[in-house]
Structures are given as structure tokens and as C-alpha cells.
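My entries follow the order in which I looked things up.

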Amino acid sequence: MKLTTEIKESIDRSILCWLATVSNKNIPNVSPKEIFNYYETDKIIVANIASPQTVINIKQNTNVCISFIDILVQKGFQIKGKAKIIEKADFEFPEMEKILTKMTGGNFPFSTITEIKVEKVKKIVAPKYILYPETTESEQIESAKKTYGFKNKL
């Protein structure tokens, strides 16, 4: 399944995602990830900075779910797919590393990358959009700023 322009733009606006994995004993793990991006037409890549359980789980069970939202607009995506761990010796690593290192400024070293091949996509929207369909994104942004105590400079 290909990543649409809408999904890519949502990734660009999201500053954090949550990666859910499951061990071979069916023990779930959800881990926040700050350094992630899209790759090629159908993959998301995530820098494994402090992710030992995530890496272990993916090596045992490749099924994953990654979710991300724009925290002010409160829209985003849930993506399910198959993950694999890309090691430094793998041919894809240098190109992926370049994309992710640009995001970290080189301040967060990582030795592996999680690659997620997209299989299913589901939109995430705040309940307010459903309960009050006339809600605009501008109104939602202002509401979120007030709720979370953001200054007007955002």
C-alpha cells in the first residue's frame, strides 16, 4: 500500500509517534518515537535510539502498529504493517540513516532502524470532529491551544 500525500504531510507535521509491538509471548509494548519519517512509496522508518524492547519484539513478531497525530489539529493516522530491523551492514541503512540523522542533527546516535512496510491505514480524528461536524481545523487548533495551555505564538 502506498503512502499518500496526505499521510506524508501528516508525518511531516507530527513530532511524536507511538510504535506498538508484541512479543512472541503476546506481551504488548508501546514506545514513543521522535525520529521517524516516510521512505520510498510504502514504508515508514524509525530510528532505534533507546528501543531495546521494540527491537527484541520485532525480531520475534513483525506485526506492528504506528500512530501519529498533529497535536493541535488532532488528526493523523494509524498504520499497521510488517516491520524489520535494518542493521548497519544492510544495503539500505546508509540512505535511511541520512534521512533520520538530518532530523537529529547527529545528536542522537542509533545503530539500527525499524522499517515498516505499510499494509493498512486508518485515519485518526478527534471525537469533536465527529460529534460536531461543523468544527473547523482552525477552531480545533484554538481549542487545543487553550486546553493544553499553549501560548498564542504557536
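**Strands and sheet**

I looked up N63 and found that its bridge partner in β6 is K82. Helices (H or I, at least four residues) and strands (E, at least two) are DSSP runs, numbered from the N terminus. I worked on a predicted model, in which local features need pLDDT of at least 70, side-chain atom pairs count only at pLDDT 80 or more, and totals for chains, interfaces and linings use all residues. Residues are numbered from 1 along each chain as its sequence is written, and side-chain values use heavy atoms, with hydrogens and water left out.

I then followed the pairing, for which DSSP must find at least two bridges between two strands. Strand β5 (residues 63-70) runs antiparallel to strand β6 (residues 75-87) over eight bridges. In this pair, V64 stands opposite G81 of β6. Four residues separate the two strands of the hairpin, and Q74 takes a positive phi near 60° there.

On β7 (residues 112-125), I noted 13 bridges to β6, again in the antiparallel sense. Here I86 stands opposite I113 in β7.

I next traced the whole sheet: it is open, has seven strands with antiparallel pairing, and its order is β2-β1-β5-β6-β7-β4-β3. β2 (28-33) and β3 (36-39) are the edge strands, each pairing on one side only. From one strand to the next, the twist averages 30°; axes are lines fitted to C-alpha atoms, for helices over the stretch in contact, and angles run from 0 to 180 degrees between N-to-C directions.

**Aromatic rings**

I found four aromatic pairs in the structure. Rings of Phe, Tyr and Trp (its six-membered ring) pair if their centres lie within 6.5 Å; planes under 30 degrees apart count as stacked, over 60 as edge-to-face and the rest as tilted. The F36 and F68 rings have centres 6.1 Å apart and planes at 35°, so this pair is tilted. F36 lies in strand β3 and F68 in strand β5, 32 residues apart. Both F36 and F68 are buried (buried means under 20% relative accessible area, exposed over 50%, partly exposed in between, with a 1.4 Å probe and protein chains only). Ring pairs also link F36, F68 and F77 into a cluster.

Where does A126 lie? I placed A126 in the loop between β7 and α4 (127-131). A126 is buried, with a relative accessible area of 8%. From C-alpha to C-alpha, A126 and V73 are 8.5 Å apart in space, although 53 residues apart in sequence.
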